[in-house]
Amino acid sequence: MPRHRWNGGRFALLAALTGMVGILCSGVQSASAAASGVKAGGSMTVFEVGVAQGAWPTGIDPPNDTSPGINQDLMSAVYGELLELGPGGKVVPDLATGYKILDNGLTYEFDIRRGVKFSDGTPFDAAAVAFNFKRDFADKTSHNPFWPLKSITTSGQYKVDVNLTAPYSPLINSMFDSPQNWIVSPTSLQKLGETKFSLYPVGAGPFKVVSDIQNVTMSLEKNPLYWQKGRPYLDKLTFKSVQSDNTALEDMEAGQGQAYIDMTTLQLVPAFKKAGFKVTLQPSTTPNDIQINTTKPPFNNILAREALYYATDVATLDKTLNGDTTKPVQGFTTPTGLFYNATVPGYRTYNLAKAKAIVKQLGGLSFTLMISSAPGGKLLGEALQTMYTDAGMKVTLNPLELAPIIAAYASGNWQATTQNSGSWDPAVGVGQNVRFLSGARFSGVDDKHLDQLLTQATRVPEEERAAIYQKAAIYESQKAYAVEMYPASLWDIAAKNVTAPGLTSLHPQVIGAPEVWWADAGFTS
């Protein structure tokens, strides 16, 4: 799966589990002041490929979107966000102006921005936010965070309380990749019904939907009711799905688009630069890994899992497929994420002789490796297939688009797969809780001890979490639950006169991948 731009923001969560933590973010978007020199007006077309070759098959209604993280650019342009991930990993206010942590960490009180309206003219207030939160959690198939939720309540017109049964320290971090951060108009939803609303979603973001051909094109225009004066700069914004990085290059050279999000093909970087486009290497909070289904043969046998570790030459993969732009990792975090450790004691590294010996001891090892059908996914899969064949294994590649991959996880009918198994905060997104908790949506592990570690890491203050995650990384390594590789490099491409925070520039000391603030996107000439 591609890198998600939403993987959290660094701040002192639950700095003390007693008393109150005050509002940590207030005021207007910090990107506004940085957007000087941008001309008002114009139309921008942005290409996106999401593993998907069409990434929004069910629309962008948050609880019903099968890939809300992948579709974050579309979601944020239409809905805005309650909170945004800003420079240095700081939390930036948008439709919520701040929050407080109360009752020894059992209540999170969100302060909703006054005077905001949805693009249909109805009020954006605490009642609307509470309606959305309750609707999100009522849908058991959505990508809800692991909040130990007790209830959602309101206090007056602009206060929403999330009441918990136990402290949950990554709650704010989890907002950036959850349906809860994108608020739909209750009035339009009830008027249109879910099916039609998915085609014509209504939010309080900088843009509103003009037309939506699912998986192909979403056309937006400026929202005249947007809360921030003078924003957005653009009159029109269009998102188009493209089939590959090569297609995006050809279409941009032909003048059919001005930006491309998350280009993955290292070999095309010189071509984009030669064509005159700005190329920005974005930090990744998500390491590539080989995720293993340990509940079924052959990988319910730890020897089979060990063979994968020893047969995977991560350094060579990183050099040939990733251009050595990042460094191999041994744990489930990256240098741009929380709780990063460069090494994990006892981690099994490449040793072809040991891999061959184990395969011989097993009497052979055959399995199917599920991979992304995107070009980069196929290259990685083919390289791994060659390495595993050299170790005496028989490997069948199964290239799939996103929807079949999700279906395979749901059915449990998979053996091993290449994934981006991580997040800026290990507890959120496609991080540890989704990939390794027993019974979780995308997990191939059933281990009560690991469950205890991962749960404990969400119940303690921020400063205590690193030690617990180090224990979890060591334990996962001992059990050979996933072959960690390297943070996948991704590049954002833009025409020379395009500017957008998080797209064409990186902030100093970025912690977490910055998201694109579409309200501030525009042209400099």
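Two strands count as paired here if DSSP finds at least two bridges between them. With that in hand, this predicted model shows an open sheet of four strands, paired antiparallel in the order S4-S5-S7-S6. Helix H2 (residues 126-138) packs on that sheet, and H2 also packs with helix H4 (residues 186-199).

**The sheet**
- Strand S4 (96-102) and strand S6 (149-154) sit at the edges with a single partner strand each, so one side of each has no neighbour in the sheet.
- Going from one strand to the next, the twist averages 15°.
- S4 pairs with strand S5 (residues 107-112) in the antiparallel sense, and six bridges link them.
- Take Ala96 as an example: its bridge partner in S5 is Ile112.

**Helix H2 on the sheet**
- H2 touches S5, S6 and strand S7 (159-164) as it packs on the sheet.
- The direction of H2 makes about 160° with that of S6.

**Helix H2 against helix H4**
- The axes of H2 and H4 are 10 Å apart, and the two helices pack at an angle of about 45°.
- On the H2 side, Ala128, Phe131, Asn132 and Arg135 make the contact.
- H4 brings Pro186, Leu189, Gln190 and Glu194 to the contact.
- By type, the residues of this H2 and H4 contact split into four nonpolar, two polar and two charged.

Technical notes: Residues are numbered from 1 along each chain as its sequence is written. This is a predicted model: local features need pLDDT of at least 70, side-chain atom pairs count only at pLDDT 80 or more; totals for chains, interfaces and linings use all residues. Side-chain values use heavy atoms; hydrogens and water are left out. Axes are lines fitted to C-alpha atoms, for helices over the stretch in contact, and angles run from 0 to 180 degrees between N-to-C directions. Contact means heavy atoms within 4.5 Å. Ala, Val, Leu, Ile, Met, Phe, Trp, Tyr, Cys and Pro count as nonpolar, Asp, Glu, Lys and Arg as charged, and the others, Gly among them, as polar.
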